[in-house]
Amino acid sequence: MHQTTLNILRTRQKNMHIPYEAIANKSGLGIATVKRFFSGGNSSISTLEKIAAVLMCDIHITTKRSE
């Protein structure tokens, strides 16, 4: 995952004061999965989408511009 995306979601989580346990409960993910995600571990797109939804964020994928 792109580091900027992770940083945005980390900041959002902190600003909203939502603990990892609440994210896990609201997303249907395990607490270990949420902690692994926020520590920068390997995560699926599905995990990213679920966590982003809890944090009220949209995920957009765009093509890279070739140089």
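User: At what angle do α2 and α4 pack, and how far apart are their axes?

Analyst: Two packed helices are described by the angle between their axes and the distance between the axes. In this predicted model, α2 and α4 pack at an angle of about 110 degrees, and their axes are 9 Å apart. Angles of 65 to 115 degrees count as roughly perpendicular, and α2 and α4 are therefore roughly perpendicular to each other.

User: Which residues make the contact?

Analyst: From α2 come I23, K26 and S27, and from α4 come K50, I51 and V54.

User: Which residues of α4 are buried, and why are they on the same side of the helix?

Analyst: Helix α4 spans residues 45-54, and T47, L48, I51, A52 and V54 are buried there. They cover an arc of only 160 degrees around the axis, which puts them on the same side of α4. The face turned away from this buried side carries the exposed residues I45 and A53.

User: Against which helices do the buried residues of α4 pack?

Analyst: Their partners are α1 (3-16), α2 (20-27) and α3 (31-38).

User: What is the phi of M56, which follows α4?

Analyst: The phi of M56 is positive, near 55 degrees.

How values were computed. Residues numbered from 1 in each chain as written. Predicted model: local features only at pLDDT ≥ 70, side-chain atom pairs only at ≥ 80, totals over all residues. Heavy atoms only, no water. Buried < 20%, exposed > 50% of the residue type's maximum accessible area, 1.4 Å probe, protein only. Helix = DSSP H or I, 4+ residues; strand = E, 2+ residues; numbered from the N terminus. Arc of directions from axis to C-beta. Contact = heavy atoms within 4.5 Å. Axes fitted to C-alpha atoms, helices over the stretch in contact; angles between N-to-C directions. Parallel < 35°, antiparallel > 145°, perpendicular 65-115°, else oblique.
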